[in-house]
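Visitor: I would like to learn how to read a protein model. Please take me through it one feature at a time.

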Amino acid sequence: DNPATTNGPPVGLGWNYSPEDTLRIDLETYESYQSNARRSKRQLAIPSQVRQEMLLEEGYSRGEIARTVREIRKIREQRNVSFHHIKYDPIAERVESLKRGVKGIIPGKRLLPGMKSKKLESPSPSLVQFSSKGA
């Protein structure tokens, strides 16, 4: 189900088909027919009322359709929020990275398993270097 519908329930294409209802033609013949029969996206869209009737004919209840429409609306709203906040993602990612880095240099914080501390050759005795190697 694709939440990109603007109104009504979504429908999807399945892989089931009827071989006896399938017409086989070569590519050149198909393309010659299609060159004059191209349709726009608007022409290819199935109206919401038709989609709802299709689903009812397939055995879905009105309640199931209504629930799905509500779920799709919620997904669409979440995507809209995500889309509008995406420009802030690099900033938020950098802030989180800086937080993690600061936690590693604050004295008194525990080391991760396998990490050892060693004193640096420095005039300041409070500087400590962290390493994940067995040094």
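Visitor: In which helix is Ser-48 found?

Guide: This is a predicted model. Ser-48 belongs to helix H3, which covers residues 48-57.

Visitor: How many helices and strands are there in the protein?

Guide: The protein has 5 helices and 2 strands. Read from the N terminus, the order is α-α-α-α-α-β-β.

Visitor: Is Ser-48 buried, partly exposed or exposed?

Guide: Buried means under 20% relative accessible area and exposed means over 50%, with partly exposed in between. Ser-48 has a relative accessible area of 24%, so Ser-48 is partly exposed.

Visitor: What share of the residues in the protein is buried?

Guide: Of the 135 residues, 8% are buried. The accessible surface of the protein is about 12500 Å², and carbon and sulfur atoms account for 54% of that surface.

Visitor: Which residues does Ser-48 contact, leaving aside neighbours within four places in sequence?

Guide: Contact means heavy atoms within 4.5 Å. With those neighbours left aside, Ser-48 is in contact with Asn-7, Gly-8 and Pro-9.

Visitor: What separates the C-alpha atoms of Ser-48 and Val-11?

Guide: Those C-alpha atoms are 9.7 Å apart, while the two residues lie 37 residues apart along the chain. Val-11 sits in the segment before helix H1 (27-34). Not counting residues up to four places away in sequence, Val-11 touches Ile-46, Arg-51 and Leu-55. Val-11 has 27% relative accessibility and therefore counts as partly exposed.

Visitor: What share of the contacts between residues at least 6 apart joins residues at least 24 apart in sequence?

Guide: Among those contacts in the protein, the share is 48%.

Visitor: Now the surface. Which residues form a nonpolar patch there?

Guide: The patch consists of Leu-23, Ile-25, Leu-27, Tyr-30 and Tyr-33, and together they have about 600 Å² of accessible area. One of them, Tyr-30, lies in helix H1. Tyr-30 counts as partly exposed because its relative accessibility is 38%.

Visitor: Which residues gather in a patch of positive charge?

Guide: Arg-67, Arg-70, Arg-73 and Arg-76 make up that patch on the surface. Take Arg-70, which is in helix H4, residues 62-85.

Visitor: Why does Arg-70 count as partly exposed?

Guide: The cut-off for exposed is over 50% relative accessible area. Arg-70 is at 49%, so Arg-70 is partly exposed.

Notes:
Residues are numbered from 1 along each chain as its sequence is written. This is a predicted model: local features need pLDDT of at least 70, side-chain atom pairs count only at pLDDT 80 or more; totals for chains, interfaces and linings use all residues. Side-chain values use heavy atoms; hydrogens and water are left out. Helices (H or I, at least four residues) and strands (E, at least two) are DSSP runs, numbered from the N terminus. Buried means under 20% relative accessible area, exposed over 50%, partly exposed in between (1.4 Å probe, protein chains only). Accessible areas come from the Shrake-Rupley method with a 1.4 Å probe; for residues, only the protein chains shown count as cover. Patches are made of residues with over 30% relative accessible area and no salt bridge: like charges are joined within 9 Å, nonpolar side chains (Val, Leu, Ile, Met, Phe, Trp, Tyr) within 5 Å. A salt bridge is a side-chain nitrogen of Lys or Arg within 4 Å of a carboxyl oxygen of Asp or Glu. Lys and Arg count as positive and Asp and Glu as negative; His and the chain ends are not counted. The place of a charge is taken as NZ of Lys, CZ of Arg, CG of Asp or CD of Glu.
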